[in-house]
Amino acid sequence: MRVLSTTKFTMLRLVRNYIGLLLLLIVPIVMLTIFSLILSGMTNEEGNPYFNETALTMVLTFQLFGGSSVMHYLNYDLFTLNRERMFVAPFNRTMYALSIMIFGSIFSVLLGIVLMIYSQYVLGMVWNNWAWTIYLITLMSVLSSIVCVIFTCVVKKFKLAGRLSEIYGVGFVMLAGLFFPMPQNAVFDFLGSYGNPLTLSIGAVRAGGNGNWAEAWLQANIVLAAIVTLFLVMIVVGRKRLK
């Protein structure tokens, strides 16, 4: 229970992480604004604004990088500068690490919601189902945090762990075909569809918006299954690192 006493401190640190706010909030807002101007008035064959699809993709894409703050504070508190203090502190270090992951995920979700509010009430996009979209944002945020915790615990050099988290984020963006078309074969087809959390989340939001809830839940549950699996891996590697 003593870990709960650090809740306020953890949230304040996240809010004051100006680099994180710049990368996960200010940069997306600037990009959304630019794309809204470029795509203003343009629609697809179904009559839907192109910007709607772009905004959805961007809001979910930036969740891939939401775990960066979690990595930073885990490394700072448990493995480098504050390590000695934390090892003599009267609370469970595993629970403390878990609390950082949880609050880091919540913070990332809140930033995603801010982007939704901005894109709708400032730029004019209409989100069909807020609750469903926020659920997918939450899944993406939690997955990113878990992956980043695993990298931090498995890789002893923090800079390398940071590069791996970037590869995780940028890699799935590339495999989704957002930069350029990927090769047409079974491996890339899988990594660009059911093996890609970004593609699954975008597809789940689309399917929900079209009323195809069976497909929407299928894609969302694949991401959820990945979270459960990697969470178990995180617990194992985390305990070993914190011994």
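Predicted model: local features only at pLDDT ≥ 70, side-chain atom pairs only at ≥ 80, totals over all residues.
I begin with the charged pairs. How many salt bridges does a search of the whole structure find? The search returns two. One of them joins E53 to R206, with the closest N and O atoms 2.1 Å apart. E53 belongs to helix 3, residues 50-61, and R206 to helix 10, residues 197-209, so this pair ties together parts that are 153 residues apart in sequence. Both partners are partly exposed: E53 has a relative accessible area of 30%, and R206 has one of 42%.

In the other salt bridge, R163 meets E166 at an N to O distance of 2.9 Å. These two residues are three apart in helix 8, and are therefore separated by about one helical turn. In general, an α-helix has 3.6 residues a turn, so residues three or four places apart point the same way. R163 is partly exposed at 42% relative accessible area, as is E166 at 38%.

Helix 8, which runs over residues 158-175, also contains V173. Is V173 buried or exposed? Its relative accessible area is 6%, and V173 is therefore buried. The C-alpha atom of V173 is separated by 9.0 Å from that of G192, a residue 19 places away along the chain.

I turn next to helix 7. It comprises 25 residues, 130-154, and at 1.5 Å a residue it should span 36 Å; the end C-alpha atoms are 36 Å apart, in agreement with that expectation. At the start of this helix, a side-chain oxygen of N129 comes to within 3.3 Å of the backbone nitrogen of A131.

On the subject of cysteines, the search of the whole structure finds zero disulfides. C148 takes part in none, and the nearest cysteine sulfur, belonging to C153, lies 11 Å away. A disulfide would require the two sulfur atoms to be within 2.5 Å. C148 counts as buried because its relative accessibility is 2%. C153 likewise counts as buried, with a relative accessibility of 10%.

Finally, the surface. Which residues make the nonpolar surface patch of about 790 Å²? They are I19, L22, L23, I26, V30, M31, I34, F35 and I38. Of these, M31 lies in helix 2, residues 18-38. M31 is partly exposed, with a relative accessible area of 33%.

Thank you for your attention.

Methods. Residues numbered from 1 in each chain as written. Heavy atoms only, no water. Helix = DSSP H or I, 4+ residues; strand = E, 2+ residues; numbered from the N terminus. Expected span 1.5 Å × (residues − 1). Polar contact = N/O pair within 3.5 Å; in protein donor to acceptor, adjacent residues only side chain to side chain. Buried < 20%, exposed > 50% of the residue type's maximum accessible area, 1.4 Å probe, protein only. Patch = residues over 30% accessible without salt bridge, like charges linked within 9 Å, V, L, I, M, F, W, Y side chains within 5 Å. Areas by Shrake-Rupley, 256 points an atom, 1.4 Å probe, with all protein chains shown as cover. Salt bridge = Lys/Arg side-chain N within 4 Å of Asp/Glu carboxyl O.
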